[in-house]
Amino acid sequence: MENLCEKHEGYKFGREFAERVANLSLNLCAALVSAGASVGLSESFAARMCAAYSLCGAEVAALPSHVQISVRACGVTITQLKRIYGANNDLSLLEDCSRVLRLAEGGAELGEVEEELGRALMLKPSRFTHFGGGLACGSFCAFFGGSISDALICFIVGLVTAVLSSALSKRGSGGAARTLLLSAAGGALSLILCHAAGLLGIGTSPSLVILGSIMTVIPGLQLCNALRDLLSGDLLSGAYRILGGLAATAAIVAGYAFSRVAFGFLGTEEVFHPRSGVGAVVVSYITCAVGSAGFCLMFNARAKRVLSGAFAALLTYSLYLLALPAGAFICTFISAFAAYVQAYAFAQVYKIPSGVFLTPAVVPLLPGASLYYAAEYSAAGDFERAAFYGADCAAYLAAIAAGLSAAAVVLRILSYARSRVVAVFLRKNTRLHGK
């Protein structure tokens, strides 16, 4: 790094430039972690940002709670640390971070790249994020068998809880405490609205309404990322995320169980509308696509990515149905494997992180029903059945994580093999031209 001062002689000190690069890389890494990216990807982006400005050999350590970077320049080691106070899925921010890195690797000036990242971090979420939460809840309520009235009630519940979640985030409330409040509020509002509909002569199913509303608070993606981190060797990050996911799961169960106990006196009658035949399949496909599009909006995806996210979810769901005869665990593993492969393919085409496509693709596989029944039986005091459904939920999450990890390993091996073949081919061509 002795030539750093010579390369950037416009700055008074080479160390000042190195500190700015380290700070830029640190902020990029923290933005990725807070947007829901894996720690491996976040560390890789930070190291590449340093390398783009001749700071090779940067050491980056990322956790869901903080990130740290150390670089050596002009004979001095520079270490910076940044705290992360919360992580949410923000697909637009993932895209922006990728664009900022490409800008730096394309030779842009440091000041320009700093401004671009600053603008990306200052952008407010889309106006449709709350609507997306309602759309996701209502659609998956219908996906699980709910009627039109159930879906409309669930849409209102999802919309209200999305607004409440945003308000709590702005006031610094996060983690399991926020999940507990959202779960209790969502369960209570579901029961109240279903009871009001019953008084108007509209038959509803409170169970399916709650089941749909639980989809937006379930920490399935967090637990999947935790298991992926563990399988990838990031033990600290995996353990941290697992503890957070388990705490969130416990909060969901407690919140919905509390609402069941507190508002059980309403006694709303369950009215189900069974589906069968081709119509049931068509409805499941439509609601799966619309629900996944709702998740894309809720996760602040760009408008042009919503359709691709819904398409990815439909491919995953289709493969899940085809592989269902092999058993729940196997078909979930296969579907998760395919979801990762297609997300990787989309990412290569559009030159953005695969998480932008992987997140909506995995949504149809999340075990919302198992988590709901765990909460339902906990409220009823049937802890044996609650434990059964809790274990079922854990098995599904493990199958998703295993499928994603297996796909990542296979693609890495194929990528390495392709690079070796290309290298051998180039060497042979060089020898021929040399002769």
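The exercises below, each with a worked solution, go through parts of a predicted model.

Residues are numbered from 1 along each chain as its sequence is written, and side-chain values use heavy atoms, with hydrogens and water left out. In this predicted model, local features need pLDDT of at least 70 and side-chain atom pairs count only at pLDDT 80 or more, while totals for chains, interfaces and linings use all residues.

**Exercise 1. The sheet**

Task: Find the order of the strands in the open sheet of three strands, and state how they pair.

Solution. Helices (H or I, at least four residues) and strands (E, at least two) are DSSP runs, numbered from the N terminus. Two strands pair if DSSP finds at least two bridges between them.

Step 1. The order is E1-E2-E3, with antiparallel pairing. Strand E1 (59–62) and strand E3 (76–83) are the edge strands, each pairing on one side only. On average, neighbouring strands of this sheet are turned by 10° against each other, direction ignored. Axes here are lines fitted to C-alpha atoms, for helices over the stretch in contact, and angles run from 0 to 180 degrees between N-to-C directions.

Step 2. Take E1 and E2. Four bridges join these antiparallel strands, and a hairpin leads from E1 to E2 through three residues. Ala61 has Gln68 in E2 as its bridge partner, and Ala62 stands opposite Val67 in E2.

Step 3. Take strand E2 (residues 66–73) and E3. Eight bridges join them, and they run antiparallel. Among the partners in E3, Gln80 belongs to Ile69 and Arg83 to His66. The hairpin of E2 and E3 has two residues between the strands, and Cys74 in the turn has a positive phi of about 55°.

**Exercise 2. What covers the sheet**

Task: Which strands do H2 and H3 lie across?

Solution. Step 1. H2 lies across E1, E2 and E3, and runs at about 30° to E3.

Step 1. Helix H3 (residues 39–52) lies across E1 and E2, at about 150° to E1.

Step 2. Look at the two faces of E1. Val60 and Ala62 make up its covered face, and Glu59 and Ala61 the uncovered one. In a regular strand the side chains alternate between the two faces of the sheet.

**Exercise 3. A helix pair**

Task: Describe how H4 and H15 pack, giving the angle and the distance between their axes.

Solution. Step 1. Helix H4 (residues 91–105) and helix H15 (residues 355–362) pack at an angle of about 160°, and their axes are 9 Å apart. H4 is therefore roughly antiparallel to H15. Angles under 35 degrees count as roughly parallel, over 145 as roughly antiparallel, 65 to 115 as roughly perpendicular and the rest as oblique.

Step 1. Leu91, Leu94 and Glu95 in H4 meet Gly355, Val356, Thr359 and Pro360 in H15. By class, this contact has four nonpolar, two polar and one charged residues. Ala, Val, Leu, Ile, Met, Phe, Trp, Tyr, Cys and Pro count as nonpolar, Asp, Glu, Lys and Arg as charged, and the others, Gly among them, as polar.

**Exercise 4. Two residues**

Task: Is Ser335 buried or exposed, and is Lys351 buried or exposed?

Solution. Step 1. Ser335 lies in helix H14 (residues 328–350). Ser335 is buried, with a relative accessible area of 0%. Leaving aside neighbours within four places in sequence, Ser335 is in contact with Thr316, Leu319, Tyr320 and Leu365.

Step 1. Lys351 is found in the loop between H14 and H15. Lys351 is exposed, with a relative accessible area of 51%. Its phi is near 60°, a positive value in a residue other than glycine.

Conventions: Contact = heavy atoms within 4.5 Å. Buried < 20%, exposed > 50% of the residue type's maximum accessible area, 1.4 Å probe, protein only.
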